[in-house]
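Thanks for coming, everyone. I'll keep this short. Have a look at the model first, and then we'll go through charges and rings.

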Amino acid sequence: SYTGVVFELSPRWTVTGRGGRITANVSYQPTLAVGTGSTDPKALTHSLLATSRTEVVRNRFFVGANASARLLGDRASSGQTDSINFNDQGQQSYSVSVLPQYRHRLNRYADFVSNNVFDYVTYSGGNDSDDGGSSDSASYTLNAAVQNGRYFGATGWRLQATQRKVHYEDRSNDRFTNATAGLSYRFDTHFRARGNVGYEDNSVESDRDDESGVIWDVGGTWTPNPRTSVDASYGQRYYGSTWSGAVNHRSKRTRFGLNASRSLDNRRNQQLVDSFFFLVDEQGEPITDPDTGAPLIANIPQLDDTDEDFINNRISAIVAATGLRTTVSLTGTFSRREYEVSDDDQDSYGMTLRATRRLGSGYDASVSSSITHFTGDADSDDDSTNYDVSFSLSKQFSRRSSASLFVLYREQKSDDDDDEYDERRIGLTLRTNLL
């Protein structure tokens with residue numbers, strides 16, 4: 001058991017801007033921690049979410065950039081991880097992506113488009129490559145396409161070729177190459193249908209006889225009004241069926257979102273910014289934690305960390321309601337992994353309920369409760385369930401200073417007695433804005 005007081009210093013820098021040819025959103029928060037008693041916190045951890053896009057040459061050349069730093073549990077039984085329990089349960093991941101895009105209007109009949117990605121993912125902590133766990137990796141995606149120009153109106157077409165290579169430090173590399181032809185048609189302002197057909201030639205770590213073949217997909221987008229959208233697609237790839245769907249509805253006070261997909265994935269992809277599932281308010285802006293100020297990410301059940309490729313069947317949903325003084329959100333996720341080499345399937349699901357309320361006189365209160373469950377098919381995988389309940393009360397003393405008191409109870413039940421634990425925290429946070 002660990003008992004003691006942990007002192008944390010967490011400066012945070014937030015930049016949100018749009019001007020001219022540049023848009024940027026950055027939230028960075030390092031945490032320095034020192035513990036007393038038998039506690040053993042990580043001395044320095046990092047949390048970063050950053051996205052930007054720059055129009056380098058007007059209407060021609062654009063460059064996007066994303067970066068992240070996250071704390072994650074290094075196995076399914078880790079539960080929620082932060083700087084306090086990091087040394088026993090956690091890992092730190094970092095990712096950076098650069099997304100150059102080039103557009104050129106050839107004539108009234110055709111445009112040229114090239115969307116490219118260069119990214120790098122690295123880890124430190126319990127699962128870094130020195131310990132035989134994760135593998136640092138870099139990838140590039142090169143893309144070239146010719147698509148319809150203005151002449152075709154409601155009809156769209158696209159011919160494209162894409163190659164993606166992933167170079168791993170401690171496992172075999174992946175290569176994905178495909179060429180496709182696509183057609184789309186806009187029936188009216190509300191509905192558009194699309195379809196693609198092509199061929200892929202891949203070299204990936206898998207026990208399948210063939211990772212190449214004909215690929216196709218069909219889908220459509222329905223937007224009955226500015227606040228509602230529905231998108232769905234279905235197709236085939238070398239690993240079988242692939243599908244995705246998204247339903248989003250937003251009113252003045254409520255928001256509903258549902259996303260589902262079946263696709264090839266691995267742990268490195270899940271560290272990239274584009275994979276995050278943010279909680280947002282009625283204006284679409286990320287909701288921030290009243291205690292830390294950091295953007296809230298939906299509770300994503302953490303399965304075993306591995307660099308093995310897997311087919312990821314995933315569903316995530318959010319329902320949020322905002323009143324004059326109260327905001328309530330319910331998020332849920334389900335994930336099923338079908339591994340490409342080990343043939344071990346894993347399931348997990350999670351749900352989080354959170355409510356915040358402005359009490360008046362500068363006071364705000366929030367309460368949240370979550371549950372996550374993990375099930376593994378392999379003999380070494382034990383079922384585990386995590387429960388979290390927390391409460392916080394904050395007081396705004398001035399425009400620049402505030403304080404909050406929070407109470408947390410966390411418990412994990414597992415088939416393996418060694419993985420069971422409970423945790424009780426009482427914390428006091430003091431915040432001040434220097435700028």
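**Charges and rings**

Start with Asp 111 and Arg 105: their side chains meet in a salt bridge, 4.0 Å from N to O. Keep in mind that this is a predicted model. How exposed are the two partners? Asp 111 has a relative accessible area of 16%. The limit for buried is under 20%, so Asp 111 counts as buried. Arg 105 comes out at 48%, which makes Arg 105 partly exposed.

That bridge belongs to a larger set. How many salt bridges does the structure hold? The count is 17.

Next one. Glu 205 bridges to Arg 171, and the closest N and O atoms are 3.8 Å apart. Where do these two sit? Glu 205 is in the loop between strand S12 (191–203) and strand S13 (213–225). Arg 171 is in the loop between strand S10 (155–168) and strand S11 (174–186). So this pair ties together parts that are 34 residues apart in sequence. On accessibility, Glu 205 is partly exposed at 25%. Arg 171 is buried at 13%.

Now Glu 423 and Arg 410. Their side chains form a salt bridge at 3.2 Å, N to O. Here the partners lie in strands: Glu 423 in S23 (residues 421–432), Arg 410 in S22 (residues 401–414). The pair therefore links parts 13 residues apart in sequence. Buried or exposed, these two? Both Glu 423 and Arg 410 are buried.

Some bridges share partners. Which residues do they join into one network? Arg 171, Asp 174, Glu 205 and Asp 309.

Let's move to the surface. Asp 207, Asp 209, Asp 210 and Asp 343 gather there in a patch of negative charge. Take Asp 343 from that group. Its place is the loop between strand S18 (326–339) and strand S19 (345–360). Asp 343 has a relative accessible area of 53%. Exposed means over 50%, so Asp 343 qualifies as exposed.

One more aspartate, Asp 82. This residue is in the loop between strand S5 (61–73) and helix H1 (86–89). Asp 82 is partly exposed, with a relative accessible area of 22%. Asp 82 and Leu 72 are 10 residues apart along the chain, and their C-alpha atoms are separated by 7.8 Å.

On to the rings. The structure holds 10 aromatic pairs. One of them is Tyr 185 with Phe 187, an edge-to-face pair: 4.9 Å centre to centre, 85 degrees between the planes. Tyr 185 is partly exposed at 37%. Phe 187 is exposed at 52%.

Then there is Tyr 238 with Tyr 239. What geometry does this pair have? The ring centres are 5.3 Å apart and the planes stand at 85 degrees. Edge-to-face requires an angle over 60, so Tyr 238 and Tyr 239 are edge-to-face. What about cover? Tyr 238 is buried, with a relative accessible area of 12%. Tyr 239 is buried too, at 6%.

Last item, a cluster. Ring pairs link Tyr 109, Tyr 151, Phe 152 and Trp 157.

That's the tour. I'm happy to go back to any of these on the screen.

Notes
Residues are numbered from 1 along each chain as its sequence is written. This is a predicted model: local features need pLDDT of at least 70, side-chain atom pairs count only at pLDDT 80 or more; totals for chains, interfaces and linings use all residues. Side-chain values use heavy atoms; hydrogens and water are left out. Patches are made of residues with over 30% relative accessible area and no salt bridge: like charges are joined within 9 Å, nonpolar side chains (Val, Leu, Ile, Met, Phe, Trp, Tyr) within 5 Å. Accessible areas come from the Shrake-Rupley method with a 1.4 Å probe; for residues, only the protein chains shown count as cover. Lys and Arg count as positive and Asp and Glu as negative; His and the chain ends are not counted. The place of a charge is taken as NZ of Lys, CZ of Arg, CG of Asp or CD of Glu. Helices (H or I, at least four residues) and strands (E, at least two) are DSSP runs, numbered from the N terminus. Buried means under 20% relative accessible area, exposed over 50%, partly exposed in between (1.4 Å probe, protein chains only). Rings of Phe, Tyr and Trp (its six-membered ring) pair if their centres lie within 6.5 Å; planes under 30 degrees apart count as stacked, over 60 as edge-to-face and the rest as tilted.
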